[in-house]
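Subject: Structure for your review

Dear colleague,

Please find the sequence and the structure below. My notes on the findings follow directly after them.

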Amino acid sequence: MKTDPLQTYAFKLNFPFNTEDLSGRVSSVPAETQPGEYFACWVNHLTDWVLSGTQTVQLMLAQRNVACRIEFDEPIYVKRTKAGMVFETWIAAHRAVADLNIVFTNESTGGLTRHTVPFDGAFGGGSARDGYQHVSIPLPDGFEKGTVGIAVDYKAYLSTETDIEPFLFIADTRVSQSTNNEPSLVEPIRVRHTSDATEGTWMTGPLPSSLMVGDDVILKSGRNTEKLLTTRVPKLALEEDYGHTLIMSSDIEMDVLLHIDGKPIERLMFGPNNNIVRLSAQFLDGHSHHVCFKDRSGTITFWQGQLLLPAIITPRDIMQRETPAPFPSTLFAQTPQRYASLKASVAAADENTDHAQLAYALSVLEGGYENVKLKPLTFNRPEKPDVSIVIPAHNKVEVTYLALCSLLVAYNKASFEVIVVDDASTDETTELENIVSGITVLHNELPQRFIRACNRGAQEAKGDYIVLLNNDVEVTSGWLDELIGAFDRFDNVGMAGSKLLYPNGQLQDAGGIIWGTGNPWNYGNQQNPEEPRFSYARQADYLSGAAMMVRADIWRDVGGLSSYMEPMYFEDTDFAFKVREAGFTTWFVPSSVVYHYEGMTSGTDVTSGFKKYQEVNRPKFKRRWAKAFSGFGKEGQRPDLEKDRGIVGRILFIDYSTPRPDQDAGSYAALQEIRLVQSLGYKVSFLPGNMAHLGQYTEELQKMGVEVIYAPFYLSQTEYLTQHARDFDAFYITRYYVAQDVLDRVRALAPEARVLFNNADLHFLREIRAARAEGDAAALEKARQTRNEEMDIINKVDLVLSYNEVEHSVIQAYSDGQAKVMKCPWVVDVPENRAPLKDRKGMSFLGSFRHHPNAEGVQWFVRDILPVVNGVAGSVPLSIYGASMSDEIRALKTNLVDPVGFVEKVEDAFDKHRIFIAPLRSGAGIKGKVLSALSYGIPCVLTQTAAEGIGLRSGHDCFIAETPDAWAKAIKALSEDDDLWTTISDNAQAYMRDAFSFDRGRAQMREAFEAVELYQGNG
């Protein structure tokens, strides 16, 4: 049953012990002749001995061998009582024998009730509540109003090996009605204001899902702020993961609470250095679990991760060697990719799909090389393949056979041919074409080695792309499609390479670095392949020849792999430099994943065998390309920055969440702004406020070349900024409330960086319009507060980007002309073909219903406009599209109104309909939904508010209407006059192509960057 934390932990009626200036309101018997003669009194002075979240009174007995009484002069005054109220405190002692004395004085009767509680020496205090002796005394019968006096009788010193004074601690003292009667692993943090308020209203507010060390919790009420909590910064790290047991390192002794899948499981005490954490058997099920170490309150996250907790720990190779197939799928790091391949294959299956062969090929992958049986395989041989895959092979036919099985299992839309170059093998490789049909096998009578073998295979290639693929690999679903996608997505791509993983799932290669010395760096080796820094497309110095793709025409133009590198090694590095010398770019594509069993064909010892050619060819490479790499970085220094090639600088975008362009227009705009900044030569990183990986939305950004930051690798914006803010030339922050959370920290950590602020829309202007439309005085006052907060941000940044001129004027007016404001570009992609008019009917609206003006406008239209339209133009149906549709909008459904909800393809909201409406009565900024509709060629009828900032001309490229009659007249005309419809549609699309093109947007973004001295490009 879900519990309310306020009911569980709150004090409904609470009279705390006043500790303010307590040292001046305490005395002793015998009396002191000078301060400190018998005792010293502090509150929260000894930081290691403060009960977390409380006021802790700390008494040091200066005369350890002299008994004394310490009296607190001001008692707790209880104004009124309720049933169940108690006196409550938490006490502890060091080297002292003492009693706590409590005296209840009934104001009505004058009666006294005394209690004496000995300090238990087993409780030594500290920051955790279990270090304290809990004292709880019910109020005496008949006690309705009165005082509670507190005194301490110190009796004797308990000597120890350390010659330190005795101490007594009294914490969190109060008379209260406590409802926290059930034991719990979670111990709340109570933060109490210093005032003596006993009444008030409980208010709740959301905290981040992971409050990180170093974060502050600040209470804001109007213009008043108060810091409630500042977290400490311990260092907790996962050193080793055995699946069932974790080795965690800590730099300090700390009390932590283990959470698994969001639930508190076990309280642990960590000491400095390594700590062993054995996980409960209930979680060892072969599934991924969210493992988290938090403070005792469950509020502050010290470390978290998504861990695979095994049900079986028998090593994969032993299982494959000692037992027959099938094997438990949880043993294999490749299982998720294999499952993805099967899903894709099933979804695309037709009558030609060989399910039996697919199942057999999968069993080969799970069985491993040692269990390969060379049964017949069949590939489809396309007449004109998209890709030619060249696989050089020398013996070890089982290795090659497994790679071929992986090609059958891994689903790709791209067609491909397979060319195996048998480099003078002496095993069944010589008969491979008799075992595997549908592939080309070229046989070398004498060993030619890797370079010549690849060049020979490429000579036979028929595809538009050539892929070099080692024979000791397992490819995964979509690996070819993702490589091809890079050629379509980025400009002038000549070569692309996959992310290579070891069989255990560790990263092997994430695009190589060449240092200024000419030495290569195998970037990311043996790291976590899922880390953000290894998961976005980027230009790289070289790509591993184990899995790389090149355009066939470029391969031929540059002469393939260089003969001067024969027989092998450094040939892929050399080839990448040749491709760039020819004027093309080389890209690491992490969405293309290939498992590489490195060393199976050539070994790993660089002093013997063919591996020795690594050292033989190193000086050859350096001599050939010294000029090209001379400006590269110093060897081994800051590889995470050095890896990014082809950029002029780094920009960090910060917003509340990762853009979801099919959900709202603001997300579409964010993506276009990222593209524009990238087109200026900048590497873009994206830091969402919710720190969430949002599946395909995050992955699409990564494929665009954006490094997206998310948990668990960084658990808060604060953590990431603290470590990396200095890496950036500028910050692009969207929305004022996002800027409120990060701007001061950004300025402190990167004072030289520029800050560009995209207000998205003027929130206060939108709120003012909505408040006036609804006649809501309270909302109007709230809008004024928003104005103060928004303008405060605007006055602190280097440049404000706003979508329309109306907002520019408002900003300039409220900033006294001090704010630097420029037009924020909006880019629309106009479809080449427009859906025919004959297939269209009715009206449509599209907008996210998380945005209040959309719901307000639709309800107004249905209530006040649609009846007039139906009276003038007849029955014109309306389809309402948009994410997060509320029940109120769904309740509008009639025979003429269809609340459809979320639409996966945005064109469905436009191409099926004759008229797009935008009945917005409030709001600000530019309306992306309107721009999208105009670009698709659906004529728009809209309010002046909806048209604001776009530059539309009513009657030319749209109809702007304010009254019901004007709406009805425009909708009737567009519903009945095909020539008018076509003219408005043509004019709208022409205007979109001219005013909102990518080239126009790029020029505007360049002007903005130049205004803050950022742009360094030439175009």
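I begin with N492, which is partly exposed at 42% relative accessibility; here buried means under 20% relative accessible area, exposed over 50%, and partly exposed in between, using a 1.4 Å probe and protein chains only. The model is a predicted one, in which local features need pLDDT of at least 70 and side-chain atom pairs count only at pLDDT 80 or more, while totals for chains, interfaces and linings use all residues. Residues are numbered from 1 along each chain as its sequence is written, and side-chain values use heavy atoms, with hydrogens and water left out.

Backbone geometry

Most residues other than glycine have a negative phi, and most peptide bonds are trans. N492, a residue other than glycine, has a positive phi, near 60 degrees. Its place is the loop between α8 (479-489) and β30 (493-501); helices (H or I, at least four residues) and strands (E, at least two) are DSSP runs, numbered from the N terminus. Q526, also not a glycine, has a positive phi of about 65 degrees. Q526 sits in the loop between β33 (520-521) and β34 (538-539) and is partly exposed, with a relative accessible area of 47%.

Two cis peptide bonds should be noted. One joins V29 and P30, with omega about 0 degrees, and P30 belongs to the loop between β2 (26-29) and β3 (39-43). Another runs from A711 to P712, with omega near 10 degrees; P712 is in the loop between β39 (707-708) and α15 (717-724).

The chain as a whole

The secondary structure of the chain amounts to 26 helices and 49 strands. Along the principal axes, the C-alpha atoms fill a box of roughly 110 × 85 × 55 Å. Of the 1019 residues in the chain, 54% are buried. Among contacts (heavy atoms within 4.5 Å) with a separation of 6 or more, 72% are accounted for by residues 24 or more positions apart.

Helix α24

Helix α24 (residues 964-976) has 13 residues, and at 1.5 Å a residue it should span 18 Å; its end C-alpha atoms are 18 Å apart, which agrees. The expected span is 1.5 Å times one less than the number of residues. The buried residues of α24 are W967, A968, A970, I971 and L974. They cover an arc of only 165 degrees around the axis, so they are on the same side of α24; the arc is that of the directions from the helix axis to the C-beta atoms. The face turned away from this buried side carries the exposed residues D965, K969 and E976.

What do the buried residues of α24 pack against? Their partners are β44 (843-846), α20 (852-873), β47 (915-918), β48 (940-942), β49 (959-960) and α25 (978-995). The axes of α24 and α25 come within 5 Å and cross at roughly 105 degrees, the axes being lines fitted to C-alpha atoms, for helices over the stretch in contact, with angles running from 0 to 180 degrees between N-to-C directions. That makes α24 roughly perpendicular to α25, a term that covers angles of 65 to 115 degrees, whereas those under 35 count as roughly parallel, those over 145 as roughly antiparallel and the rest as oblique. In this contact, A973, L974 and E976 of α24 meet D978, L980, W981 and I984 of α25. The residues of the contact divide into five nonpolar, no polar and two charged. Ala, Val, Leu, Ile, Met, Phe, Trp, Tyr, Cys and Pro count as nonpolar, Asp, Glu, Lys and Arg as charged, and the others, Gly among them, as polar.

Helix α18

The 18 residues of helix α18 (residues 777-794) should span 26 Å at 1.5 Å a residue, which agrees with the 26 Å between its end C-alpha atoms. Buried in α18 are L780, A783, T786, E790, M791, I793 and I794. They cover an arc of only 140 degrees around the axis, which puts them on the same side of α18. On the other side, A777, A778 and K782 are exposed. The buried residues pack against α16 (736-749), β41 (754-758), α17 (763-774), β42 (799-802) and α19 (805-814).

Two further residues

T19 lies in the loop between β1 (11-16) and β2 and counts as buried, at 11% relative accessibility. Not counting residues up to four places away in sequence, T19 touches R25, V43, Q55 and V57. P619 lies in helix α11 (residues 613-629) and is partly exposed, with a relative accessible area of 35%.

With kind regards
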